[in-house]
Amino acid sequence: TFRFGVSFYLIAMLFILFDIEVVFLYPVGVIINAADSIFVLVEVLIFVVLLLVALIYVWRRGALDWR
């Protein structure tokens, strides 16, 4: 039996986390015509900036380094 290291599972969990967060952007494309586009644009930009901040934090902590 082959055993995976802890870093494999950490990267897999981070991938799933960020992948699910990006899926939340799909409904914005569906409702963008019916909503006030400036408000929706600001909300999406805040969401994407928070995702980028989280990604930079994880990257700088070394969680994405494959040891």
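**Exercise 1.** What percentage of the 67 residues in the protein do buried residues make up?

*Solution.* The model is predicted: local features need pLDDT of at least 70, side-chain atom pairs count only at pLDDT 80 or more, and totals for chains, interfaces and linings use all residues. Residues are numbered from 1 along each chain as its sequence is written, and side-chain values use heavy atoms, leaving out hydrogens and water. Buried means under 20% relative accessible area, exposed over 50%, and partly exposed in between (1.4 Å probe, protein chains only). Buried residues make up 13%.

**Exercise 2.** Which elements does the protein have, and in what order do they run from the N terminus?

*Solution.* Count DSSP runs, numbered from the N terminus: helices are H or I of at least four residues, strands E of at least two. The protein has 3 helices and 0 strands. The order is α-α-α. The radius of gyration (over C-alpha atoms) is 16 Å, well over the 11 Å of the globule rule (2.2 Å times the number of residues to the power 0.38), so the protein is more spread out than a compact globule. Along its principal axes, the C-alpha trace spans about 55 × 25 × 10 Å.

**Exercise 3.** Where is Trp 66 placed, and is Trp 66 buried or exposed?

*Solution.* Trp 66 lies in the segment after helix 3 (37–61). Its relative accessible area is 57%, so Trp 66 is exposed.
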